[in-house]
Amino acid sequence: MKAFLERYNKRKAADQLTPSQAPQIRNRSNESTSEHHPHPKELNLTNQSTPAQAHQPSNASEDIGTSKHSVNEFNIEDLPGDPGLRRPILEYHPNVRDRVRRHYLMQGPCQPKNYVFPKTIFSGVNRKFKETWFKDYPSWLEYSIEKDVAYCLHCYLFKPDTGDQAGGDVFVGTGFTNWKKRSKLKQHVGRTNSAHNNARRMCEVLLNQRQHVDTALVNQTQQDRINYRTRLNASVDCARFLLRQGLPFRGHDESDSSKNQGHFRELLKWHSDKVEDIKKVVLKNAPRNHQLTSPDIQHDIVKAAATETLNIILTQIGDALFSVLVDESRDVSGKEQMAIVLRYVRKGQVIERFVGVKHVTDTTSASLKAAIDQFFSENGLSISSLRGQGYDGASNMRGEFNGLKALILKDNQSAFYVHCFAHQLQLAVVAVAKNHILISDLFIFVGSLVNVAGGSCKRRDSLREKQVAKIIEELNVGAISSGKGLNQQTTLKRAGDTRWSSHYGTLVSIITLFPSLVELLEEIKEDGLSSDHKQDASRLLDSLESFDFVFSLHLMKVLLGITNLLSQALQRRDQDIVNAMKLVKVCKEQLQDMRDNGWDSLLGQVVSFCEKYEIDVPNMDDVPIIPGKSRRRAPKVTNMHRYRVELFSTVIDMLLQELNDHFTETTTELLLCMACLNPSNAFSAFDKEKLIRLAQFYPQDFTAVSLLALEDELDTYIFDMQSNDLFKELKGISELGEKMVETQKDQVYLLVYLLITLALILPVATATVERAFSAMKIIKSDLRNRMGDMLMNDNMITYIEKDIFDCVDNETIMKIFQNMSNRHGQL
């Protein structure tokens with residue numbers, strides 16, 4: 001032992017020399033031999049066990065912990081959360097066992113909340129696991145949803161070989177199922193020196209790094225601890241800034257001679273130059289093997305920050321009811337990623353939080369369901385608490401028999417599905433654009449116009465210059481006014497393939513840039529580089545200056561303007577289902593009013609536009625000559641009939657029909673009952689019978705007794721609300737929920753507030769999930785396309801949920817970071 005200590009102290013002394021003191025010291029991989037572990041990207045857990053294989057001994061040839069190859073392929077993110085799916089701890093390689101143990105200890109025991117535990121018959125009596133047992137044994141008791149058995153976390157991690165004491169291998173291998181004998185749990189804990197308590201102490205020692213042998217051998221001074229804390233705090237500060245901005249940490253060349261060592265090192269260098277105390281202990285002034293700047297250290301800090309951010313979100317949810325919003329998309333590396341957002345109510349307010357992104361090997365409903373189950377298991381959530389599902393309407397999501405919706409409904413019939421309202425609106429607009437030939441031609445023409453006008457930088461610059469000249473000319477003659485924010489430089493907007501609301505911006509830009517576009521096309525027609533360019537410009541110019549185009553352009557601009565406002569309103573995070581139904585109804589009423597009374601206004605706008613830019617306006621009483629149709633066979637109708645009936649009225653009727661077809665949810669009994677909670681117009685929509693019927697949709701939340709109590713509570717509730725001035729001006733159930741919490745009425749009318757909560761939880765749109773994919777494109781870009789799934793998930797949580805991340809202090813991050821591995825330094 002003495003010889004070992006001498007060798008250790010010599011190596012320690014050499015490692016602590018600065019680069020200037022020891023230029024000949026060999027380079028060490030990842031800067032440290034004791035505080036870093038194999039990088040997550042280099043690890044991948046193989047041979048995952050099936051539920052039937054969990055906790056069962058495996059053959060030596062299949063043992064993942066017996067070969068060096070297995071250690072290199074270990075991946076911490078692949079560890080199952082459900083205790084019934086875990087491998088025995090001794091099957092892991094000895095070099096990674098402590099890492100596995102730390103992961104499960106930091107994650108805590110698997111204790112699903114609000115789960116409906118299945119019943120088992122014991123001596124003719126139905127018995128089941130009790131959720132209250134978690135409160136009695138919070139640190140070690142865990143339950144496997146997969147196997148319907150209970151386990152002990154401490155004994156799984158450090159079970160000594162003590163024979164059959166306290167049930168032998170029951171709480172580790174086969175699992176505890178004797179629900180009628182709760183005393184067995186206390187018996188398992190045993191006395192002070194029981195097997196369970198010994199395992200518990202070993203878990204505590206593992207997390208207490210001051211008792212670790214590496215720490216005991218280092219003999220760290222108080223000044224070393226202060227320097228280590230200062231150095232780690234500086235690294236956390238730099239990581240926090242980069243996470244909030246979605247910036248990469250590493251650079252292409254991080255060597256000492258590099259002019260740009262990457263954001264993390266450069267920011268740390270800048271930070272140390274501003275604070276003298278930091279400069280003394282970081283980078284070149286830190287021990288060579290303890291600079292806290294390696295990729296592994298950076299990843300651990302990011303993991304610690306994301307872990308605490310997610311913990312705060314899960315703590316806010318607690319045992320409350322929630323909904324799940326799911327969508328999938330490919331990242332830049334071609335991996336299929338599934339984003340998960342939880343929607344819940346806190347203090348009367350609707351909150352949607354991004355909680356993670358999971359890599360799925362395929363997008364079948366079974367794979368998506370397995371990924372959701374794994375996420376719920378890892379984070380102590382239960383499908384029993386689910387009260388809503390929100391998807392985009394793809395077949396693998398909304399399939400009636402094998403879709404994700406159907407699979408979740410098999411586990412929980414109260415998890416009602418809502419097809420994303422924003423997607424339904426988009427489908428309605430797409431259907432009109434495809435099925436009406438004139439409108440279809442309009443968007444084809446617009447696409448060609450954008451391609452020609454914006455086909456080169458030269459043409460785009462020319463278009464901008466012409467528009468600036470037009471603005472100056474109109475300012476000089478007083479046609480337009482000047483002011484802050486007015487007359488901004490603009491260009492022709494390109495519409496998105498999957499976002500029909502973006503077509504509204506394209507049509508507006510064409511109207512704004514119309515004279516400049518005409519001049520540009522005339523230039524191309526005269527001075528084009530090739531005859532093809534000249535012909536394209538001539539064809540577009542003829543169509544652009546036609547009355548048909550101008551009329552269709554203005555008509556769709558007005559219609560898309562109405563639907564665009566609805567689309568923006570539906571994508572609000574705090575939008576509730578009742579208000580969304582009302583917005584859809586208002587949109588339909590606007591369209592109907594336009595059909596009945598908007599013809600003269602639209603025609604006036606079109607005629608005024610044509611006169612301004614010298615476009616021929618046809619006589620509405622004449623019979624039109626339609627190109628491509630025989631005059632003899634063409635119907636003898638006037639221009640008025642063609643434009644008002646065949647175009648104006650038909651397009652609006654088609655759009656109204658599509659809205660009625662796609663928004664079928666607005667006629668279902670569930671949503672009609674929820675509409676009775678609307679407080680608008682002094683609670684005029686209140687209907688006691690429908691609200692009782694609404695409660696019956698949720699048998700898990702309203703028993704037969706509570707339904708009787710609800711009937712009496714509703715009478716008092718409506719009398720109180722209609723006579724209270726504080727509740728007279730409310731416009732939606734979201735405002736009602738907030739006001740009830742503010743006035744503490746939620747504690748008086750518990751059952752009514754539960755109905756309000758259920759209505760608020762039901763999702764409206766998947767916009768929050770899609771915004772997460774936009775963030776994914778920022779974080780995992782072309783230059784960061786090799787980013788691992790776990791690192792990307794951690795970056796996205798902190799980047800998207802900035803307001804939660806800002807509440808996490810550095811001290812908490814450092815404590816989690818410290819417990820993630822055996823560290824060379826101590827706080």
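## Where two helices meet

F514, L517, V518, L521, E522, I524, K525, E526 and D527 in α21 meet H533, K534, A537, S538, L540, L541 and L544 in α22. Here, contact means heavy atoms within 4.5 Å. By class, this contact has 9 nonpolar, 2 polar and 5 charged residues. Nonpolar covers Ala, Val, Leu, Ile, Met, Phe, Trp, Tyr, Cys and Pro; charged covers Asp, Glu, Lys and Arg; the others, Gly among them, are polar.

Helix α21 spans residues 514-527, and helix α22 spans residues 531-544. Their axes come within 8 Å and cross at roughly 145 degrees. Axes are lines fitted to C-alpha atoms, for helices over the stretch in contact, with angles running from 0 to 180 degrees between N-to-C directions. The crossing of α21 and α22 is left-handed. That term applies if the near helix is turned anticlockwise from the far one by less than a right angle; clockwise would be right-handed.

## The model and its overall makeup

This is a predicted model: local features need pLDDT of at least 70, side-chain atom pairs count only at pLDDT 80 or more, and totals for chains, interfaces and linings use all residues. Residues are numbered from 1 along each chain as its sequence is written, and side-chain values use heavy atoms, with hydrogens and water left out.

The protein has 36 helices and 9 strands. Both are DSSP runs, numbered from the N terminus: helices are H or I with at least four residues, strands are E with at least two. Of the 827 residues, 52% count as buried. Buried means under 20% relative accessible area, exposed means over 50%, and partly exposed lies in between (1.4 Å probe, protein chains only). Take the contacts with a separation of 6 or more: residues 24 or more positions apart account for 71% of them.

Helix α11 covers residues 263-274. Its 12 residues should span 16 Å at 1.5 Å a residue, and its end C-alpha atoms are 16 Å apart, which agrees. The expected span is 1.5 Å times one less than the number of residues.

The buried residues of α11 are F264, R265, L267, L268, H271 and S272. They cover an arc of only 165 degrees around the axis, which puts them on the same side of α11. The arc is that of the directions from the helix axis to the C-beta atoms. An α-helix has 3.6 residues a turn, so residues three or four places apart point the same way. The buried residues of α11 pack against α10, α12 and α13. The face turned away from that buried side carries the exposed residues W270 and K274.

Helix α10 has 24 residues, which should span 34 Å; its end C-alpha atoms are 35 Å apart, which agrees. Its buried residues include R225, Y228, R231 and L232. Among the elements covering the buried residues of α10 are α11, α34 and α36. Just after α10, G246 takes a positive phi of about 70 degrees.

Helix α17 covers residues 421-435. Its 15 residues should span 21 Å, and its end C-alpha atoms are 21 Å apart, which agrees. Of these residues, 11 are buried, so α17 is largely enclosed by the rest of the structure. The buried ones include F421, H423, V430 and A433. Their cover includes β9, α18, α23, α24, α26 and α33.

M594 is found in helix α24 (residues 577-597). M594 is buried, with a relative accessible area of 10%. M594 and V558 are 36 residues apart in sequence and 9.5 Å apart in space, C-alpha to C-alpha. Not counting residues up to four places away in sequence, M594 touches L555, V558, L559, I562, W599, F648 and I652.

L206 lies in helix α8 (residues 195-207). At 7% relative accessibility, L206 counts as buried. L206 and N819 are 613 residues apart along the chain, yet their C-alpha atoms are separated by 8.9 Å. Leaving aside neighbours within four places in sequence, L206 is in contact with D98, R101, R102, L105 and F158.

Most residues other than glycine have a negative phi. E614 has a positive phi of about 55 degrees although it is not a glycine. E614 lies in the loop between α25 and α26. E614 is exposed, with a relative accessible area of 73%.

A682 also has a positive phi, near 55 degrees, and is a residue other than glycine. A682 is found in helix α28 (residues 680-683). A682 is partly exposed, at 43% relative accessible area.
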